[in-house]
Amino acid sequence: ATLTGSSMLDTSAANGNIAIASVVAGGGHALALKTGTGTTSLGDVANAGSITALGAVTLTGTNYGAGAETLGATTLTGDTTFNTGDGNVVLASLIGGGHAATVVAGNTSLGNVANAGGVAVNGAATLTGSSYSGSSFAFGGPVALTNDTTLGATGAITLASLDGGGNDLAVTSGTASLGNVANAGALSVTGPATLTGTSYVAGSIGLGATTLTGNTTLDTSAAK
């Protein structure tokens, strides 16, 4: 499909499905998809202004380029890249099907993740879910929690920094790399950990075999 203006496809009154093989020339225009309890099947998207898909979404392509992207419960069918440059990406939840997800965005809001391959987010990230499972996770920007959260990976987990918002974080991985932590509840890391920051503030801290990369303070003094 080629967009010549901002477009809305709405089957929500009938809860019908929408299937688009690809949006090959978005022309910088917005695309909104509403299916109610139906499902959107969406192939590759290039050069769109924004993509909004409310409801369940199956991504059948590999590349999604737009100024902003907001998707409901999302299922991948292949390794997938979301690219908004400095714009926002919002994923209500993600079922990876063993596939990788790469997010290039100014800000990312990411709900629960299940059965993903490698997940990489290069900008700031807000985790709006509570359970994240994949082969690896790499958060290159600051991460904020909104709930008690579990990150589980068979491979590596990397967090550039963390604002816990008073919430717990449990990390289980082959290896973990963790930058500065502020305002966390209970912080636990199962598996070898490398602390790349200097300050770790939490209600409690439990670490496995730990490597320091600089002078480091672990602070639980504010815990009740």
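In which strand is the place of Thr149? In this predicted model, Thr149 belongs to strand E15, which covers residues 149-153. Thr149 has a relative accessible area of 3%, and because buried means under 20%, this residue is counted as buried. Once the neighbours within four places in sequence are left aside, Thr149 is in contact with Leu127, Gly129, Ser130, Tyr132, Asp168, Leu169 and Ala170. Its side chain also reaches the backbone oxygen of Asn147, at 2.7 Å.

From here we can turn to the aromatic rings. A pair of aromatic rings is described by the distance of the centres and the angle of the planes. The count of aromatic pairs in this model comes to two. One of them is formed by Phe137 and Phe139, whose ring centres are 6.2 Å apart and whose planes lie at 5 degrees to each other; since planes under 30 degrees apart count as stacked, this pair is described as stacked. Phe137 is buried, at 1% relative accessibility, and Phe139 is likewise buried, with a relative accessibility of 1%.

Another part of the chain brings us to Val24, which sits in the loop between strand E2 (18-20) and strand E3 (30-42). Is Val24 buried or exposed? Its relative accessible area is 54%, and because exposed means over 50%, Val24 is counted as exposed.

How values were computed
Residues numbered from 1 in each chain as written. Predicted model: local features only at pLDDT ≥ 70, side-chain atom pairs only at ≥ 80, totals over all residues. Heavy atoms only, no water. Helix = DSSP H or I, 4+ residues; strand = E, 2+ residues; numbered from the N terminus. Buried < 20%, exposed > 50% of the residue type's maximum accessible area, 1.4 Å probe, protein only. Phe/Tyr/Trp six-rings, centres within 6.5 Å; stacked < 30°, edge-to-face > 60°. Polar contact = N/O pair within 3.5 Å; in protein donor to acceptor, adjacent residues only side chain to side chain. Contact = heavy atoms within 4.5 Å.
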